[in-house]
Amino acid sequence: MFLLQALIVLVLVAVAATALVLQGRYDAERSARDRSLAAAEAYAHAPGTALALRSADPTARLQTSVEQAGKAAGVDFMTLMDEHGVRVADSSDPALIGKKAPGVGPATAGEAYTETFHGRPGDAVRAVVPVTDASRRVVGIVSAGIRYANLTHVLNQQLPMLLGAAAGALLLSTAGTALVSRRLLRQTHGLGPAEMTRMYEHHDAVLHAVREGVLIVGGDGRVLLANDEARRLLGLPEDADRRQVTELGLGPGPTRLLVAGEAVSDEVVRAGDRLLAVNVRLTAPYGGGQGLVATFRDTTELRALSGQAQVARGRLSFLYEAGTRIGTTLDVRRTAQELAEVAVPRLADIVTVELLEAVLRGDEPTGAVYRMRRTALRASRTGHPLQPVGELIRFVVADTPMVAALQRGKAVLVPDLHDAQDWRAQDPEGALEALEYGIHSLVSVPLRARGVVLGMVNFWRAADFPRFEDEDVAVAEELVARAAVAIDNARRYSREHEMAETLQRSLLPPGLPEQDALEIASRYLPARSGVGGDWFDVIPLPGFRVALVVGDIVGHGLQAAVTMGRLRTAVLNFSSLDLAPDELLGHLDEMVARLDTHTAHDADDRAPLTGATCIYAIYDPAGGHCTLSRAGHLAPAVVDAGGRVTFPDLPLAPPLGVGGHPFEAGELDLPEGSRLVLFTDGLVENRGRDIDEGLELLRSTVARAGGTPEETCRALMDAMLPDHPSDDVALLVARTRLLDPSRVAAWDVPFDVSAVSRTRAEVNRRLTDWGLEEQAFSTELILSELLTNAIRYGAPPVRVRLLLGRTLVCEVSDGSSTSPRLRRAATTDEGGRGLFLVSQFADGWGTRYAARGKVIWAEQTLGRVREPDMSVLFDDIAF
C-alpha cells in the first residue's frame, strides 16, 4: 500500500510540476496579453495621437514617441498604423514603416483585441487597439506585443527551480505519505480499502443524487465542488471547478450571495429562467478552511403557485375593499358612483353604470330594461368619448354585447373590440371614436338583484391596460353582484324614506293659518337617517287667540311619522274644546297612556307613544298674555323688542304617557314685537355639542338675527345645523301683535235681567262707532240670548266684551261653570230656542272655561249677515 501511495505521489508531483509549467506559461502569456493591451490602449487614447495621425507627416511626429512609449510600457514592439493598416511608426523595426500590417481588419472596424501573432517583426502575443477621433471614427491603429522568445526565456529560467521544487515535494510527500498512512491506519481503526471505497461511494451517491444543488467555494472565490443538481440549476460549464465564481456567468443574484461571504437563509434569487432558494453557510467554524457551502433549491413552480395565490388574494382583497366602500350611503346614485370608483383603475380603465328610471325613482323595476339612464361614470384619464352622466342609453340593436348580457342574465366578454362588429352596430361613429381613444376591451355585466334587472355595468379597458380575461369576468360579476344588493337596498330605502317623508309632510300643517295675533315663520328639517316625529302646529282659537304647539316623538321612520299624526290630531281635537294648556296636556297624557296600554295588550308591534314631549302655548293679543304648559319639552326662548334673549323658568312635567304627575301652566306677558321661539332638541343638541352649548349658541344667534320671524328661522338653521342633521328639527318663531284698544269694548253687567236692554243699547252704539251697522241686528240678538242665559242660569259677575278684528267676536262671561248646550225644542215648548238663534246668526260659537266661571262666545264674519233657517226651530209647521 505504501508503494502504491508513493507511486501515486510521484505521479501527482509530476503532474503538478507539469501543471505548474503549463500554468506558468499560461500566466506569462496572459500577463503579456494584459500588458500589451494596456500599452496599446494607453497610447491609442493618449491626447494628441488622433490629431498627429491627421498631420502632414505623422511618422516624423510620432516615431520618437512610439519608441519611448514601447520602452516605458515594457513591450518588445509597438506599432502605429493609419486607418488602412499601413505602418506609420514602429519602435522595433523602422524598416517596416510604410508597409501594411497583416491581421488588423477587426481594428479598422473599431474593435480592440489580443491575439497570438506570427510574422514580422517576430512571433509574439500582441494587442491591437483602434485610435478614434472625437466622433468615434477610426483614424488609426496601435499594436503592441511581447515576443514568445522572451516569454520562453523567462520560463526556462524558472524551470530548474520548478524541478527542484518538484523533487523536494516528492521527498516531502513520500515522507508525508508514510506518516499519513500510519495516521490513517490509526484513525480508520484498520478499515481496509474496500470499506473506505464503499464509504466514499455512498458519499458521492448522496451528494449527486439529492434534488438540491450543493456548491462549495473556497476562500479565494474559486469553485471547489459542485454536484450534478447545482450544475443543472446554475447552468455551470464543464470546467467550472477551480474557476472564480465571478467568471461563471451565474447572474447578479447568485454571484452576489457567493461573493459576499455571509450566511444566508432561503433567499430567493433569479438564475436564468429559474427562481432559486439559496442557503449559504461558512465552512470555517466547522473544521474546514476558509470558504462557504451553498445549497440551491428550485422554487420556480412553487413561486408560480405562490403568484397565483397572490393574485387570488389580491382579488379577494379587492372584493373585500369593494364590500366596505360600496353602499356606505342609502343613496342610489352615490352607490352607483362608489361602484365605479372602486373598479377604476384596479379592474378597468373606464366604468359606466346605467340604471332603470324606476330604480332611480325608488320604484320597483319594470320589464322595460332596454332604456336606462347613465348614473355613474369613472375614468382614469380625461377626454373619453363615452356619453356623460344623465344621458338616456337605449339598447336597440339585438347583437350588441349589452343586449346579449341582458338577455342571458350574465356577463359578456369582448376581449378585442377592434374585431367585434356587433359592438359597432348600434353607434358606428361613437364606436370609431372609442377605438381611436384607445378603448379595446369590454365586459358588460347586468346589474341584477332578487332576479330582477336593475341596470347595466360596463367595464372598459384602454391602451394602457391588457385585455380582459375570463378571470376578470368572474371578478367583475362578483363586484356587480355585491353592488346590486347595495343599490337595491338603497332603492327600497329611498322608496320607504320618500313614503315616510310624504306622510310626515302631509301630517304637518300644509300652511300657516290666517290670523292677526302673531307673525309666524316655521321650519321642519328631517334627519339624515330618515323622517322623525318632530312636529308643530298653529291653531287659531276664539277671541283672536292663537295656540302654538311643538312636539317631539321618540324614534324615526314611518312609525314615528304615524305617531306624530295621531298626537297632532288629538291636539287639534282637544284644542277645539278651548281647554287651558295644562288641561289639554293632561287629557293628551291620559290618551297616550290609554293607547299604549291597548297596544301592549294587543301585542301590537307599533312603537309606543310614551316618551313623546310637547309644549302648548296660547297667546291672547287683547292683552299680550301667553299661557304655556310643557310635558318633558325644552323651554322656549323669549326675545324682547330690544333683542334680549331669555329662557323663562316654566313648570315642567314628565313626558307624555308617564302619568301620575299634574300639569301646570306658566304665564308670560309679551309686549308687542316680542318673539317667542319654540323648538325641538334636534336644533340645540347633537353628538358633538351638548344641550347647554346649544342653548347658548341659540341665544347668541337669535340676538344677532333680524327682527322678523323669517330672518330668525333662517339664522338659526344656518348657524346651528349641519347639512345633514342626525335628528329632525321643528322650529316655530312667532312675533307678537297686540289688538288695538280702540277695537276692544267691555262692560260689567249687573246681575239683573233689566240690565240686558241697557247693555244692548251700549253695544249698538259701539257698533255704530265701528261702522258695523249691518251686524247690529244679529249682534243684538246674539247678545240678548247669551246675556239673558248668563243672568238667568249663571252666577255673578257677568261681563260682556266685543272684539273687532278680521271678524267680530261677542263674549259673555259669568261666574258659573255650567255650560249651556244646544238642543232641539219641541213645537209645544215655550223656550229652548235661544242657542238655535245664536247658531243661526253666528258663524261660530262655543264655550271656554276660565279659572272662575266660563265664557260663551259667538263669532261673525264682517260684511256678511247670515240668513237663519227657521225650519230648524220647529219640529213641524202646520197651516
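**Salt bridges in the predicted model**

Okay, so the count here comes to 40 salt bridges, where a salt bridge is a side-chain nitrogen of Lys or Arg within 4 Å of a carboxyl oxygen of Asp or Glu. Quick caveats: this is a predicted model, so local features need pLDDT of at least 70 and side-chain atom pairs count only at pLDDT 80 or more, while totals for chains, interfaces and linings use all residues. Residues are numbered from 1 along each chain as its sequence is written, and side-chain values use heavy atoms, with hydrogens and water left out.

Let's start with R346 and E321: their closest N and O atoms sit 2.3 Å apart. That pair links distant parts of the chain, 25 residues apart, with E321 in helix α9 (300-325) and R346 in the loop between α10 (332-343) and β11 (350-356). Helices (H or I, at least four residues) and strands (E, at least two) are DSSP runs, numbered from the N terminus.

R346 is partly exposed at 45% relative accessibility, and E321 is partly exposed too, at 25%. For the cut-offs, buried means under 20% relative accessible area, exposed over 50%, and partly exposed in between (1.4 Å probe, protein chains only).

Next up, R523 and E710 meet at 2.4 Å, N to O. R523 is in strand β17 (518-525) and E710 in helix α19 (709-720), so this bridge ties together parts 187 residues apart in sequence. Salt bridges with shared partners also join E364, R450, D488, R491 and R492 into one network.
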